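Work through the exercises below with the model open. Each task is followed by a stepwise solution.

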Amino acid sequence: MSKNYAAVSRSIVDAIGGADNIASVTHCMTRLRFVLKDDSAADIAKLKNISGVLGVVNNDTQCQVIIGNTVSQAYAEVLKLLPEGAVAEKALPQKNKITLRRIGAGILDALIGTMSPLIPAIIGGSMLKLLAMILDMTGVFEKGSSTLIILNTIGDGAFFFLPVMVAASAALKFKTNMSLAIAIAGVLVHPSFIDLMAKAAQGQHVEFMGMTVTAVKYTYTVIPALCMTWILSYIERWVDRITPAVTKNFLKPMLIVMIAAPIAIMFIGPLGIWIGSGISKVVYTIHSHLGWLSVAIMGAIWPLLVMTGMHRVFTPTIIQTIAETGKEGMVMPSEIGANLSLGGSSLAVAWRTKNPELRQTALAAAASAIVAGISEPALYGVALRLKRPLIACLITGFICGAVAGIGGLASHSMASPGLFTSVQFFDPTNPMSIAWVVGVMILSVVISFFVTLLLGFEDIPVEKPVAPERPAPADPQVEQAVKVN
């Protein structure tokens, strides 16, 4: 993206209908996510042509503008263009017609909108746990040393208290009171409640006001806190209507907690666990039946899932699987080929193109995908833009996904696969896993590079500056006639 973030952000805001058309705006790792009051006011074609915008994804709930790794700078400039408090106070546009498509889009938007802000904390915690594992493997510290315990605890914090983080993020998404959402989610991870649920799991009868409480472990989970906060948003509005103004300061929060917390413990929490477990069971049942083929298929379709934003649907499943088993062997291994193939394809484009601007974009995108595992700059700035490189990436993703599946690779963390994060696939009990990881990474770059060159692509022509038109030389006979007259 251009370094002039202010100018680019101003162009983006103008293209989506101006600051007054923005109901809310957030950002994830690479995208600005706008909720617009009037979708028809946005000029999508103009938005796509802005220098610095890698792509646009427009659906029923959001207008997503792909910026790349510098999205936080663009987001800061966008906020400066909005009236103070506008993002927090403006209501979301109301849609009257309810359809299955709109319901599905709403669920996906809620999940992505809640999880996207939490990804940095999850990645940070994951990498610290990996560091502790490597230090343990290499014998730098003795097993069971306090340093390793503290490192693991620091890394585990984001996962253990994930319901609290989800509640805080979802409270912003559903426009409800964050402190109340955190307080109720805190009940689910309270040491006394965890101990009570452990006893219930061992067969001890646990009840609340005569009703049996289902034994559930809520640490490391996403769906229960997300569902709970959504219900809380309605409970808060209802309690606000029935409480007298003079008692709102103390009666309203007391009633909300008294109503919402038991509902979360008795109904919403278990339901959320069943939903999350059901999704995980479906995904890994497919994996158990298809084996390496499921990893290959996932590797081939992963860039398409990223384009639609549906890749975030797998985040809760990955987190829960790693928490329960210590590793994840389907989705994360497939991302190795998917991410690095976009980097290799971008390198091929940089090698072949005659366009200096495209070459610069492709090289930066390749570095982002290969080194950091952030593939969206390569996906939108190069592959999707030129079409055939995307086909090369899908082919490579399938091949390398198959190799990763055959090698039995599994991730012990949830960082986007790249050169620096490849350690998450190292298995302390299987030294050959290192060779498999390195092999898959090399294959991803090499195969996509040569397949892209083989398929070719239509290069973007260099725009030459148009010279100002010179006036045509005057006819000497006409000039003479003018002088005579």
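**Ground rules**

The mean pLDDT (the predictor's confidence in each residue, from 0 to 100) of the chain is 82, and 89% of its residues reach 70 or more. Over residues 88-95 the pLDDT is below 50, yet this stretch has 19 contacts in the model beyond near neighbours in sequence. A contact means heavy atoms within 4.5 Å.

This is a predicted model: local features need pLDDT of at least 70, side-chain atom pairs count only at pLDDT 80 or more, and totals for chains, interfaces and linings use all residues. Residues are numbered from 1 along each chain as its sequence is written, and side-chain values use heavy atoms, with hydrogens and water left out.

**Exercise 1. Classify Ala-170 as buried or exposed, and list what it touches.**

Step 1. Apply the cut-offs: buried is under 20% relative accessible area, exposed is over 50%, partly exposed is in between (1.4 Å probe, protein chains only).
Step 2. Ala-170 is buried because its relative accessible area is 0%.
Step 3. Locate Ala-170: helix H8, residues 162-173. Helices are DSSP runs of H or I with at least four residues, numbered from the N terminus.
Step 4. Leaving out residues up to four places away in sequence, Ala-170 touches Thr-114, Leu-226 and Thr-229.

**Exercise 2. Find the residues that touch the most other members of the largest nonpolar core.**

Step 1. Define the set: buried Ala, Val, Leu, Ile, Met, Phe, Trp, Tyr and Cys residues joined through side-chain atoms within 4.5 Å.
Step 2. The largest core has 64 residues; Met-115, Ile-122, Val-166, Trp-302, Phe-314 and Ile-319 touch the most other members.
Step 3. Helix H15 (residues 331-352) supplies the largest share of this core, 8 residues.
Step 4. A second, separate core holds 24 residues, including Ile-12 and Leu-47.

Technical notes
Helix = DSSP H or I, 4+ residues; strand = E, 2+ residues; numbered from the N terminus.
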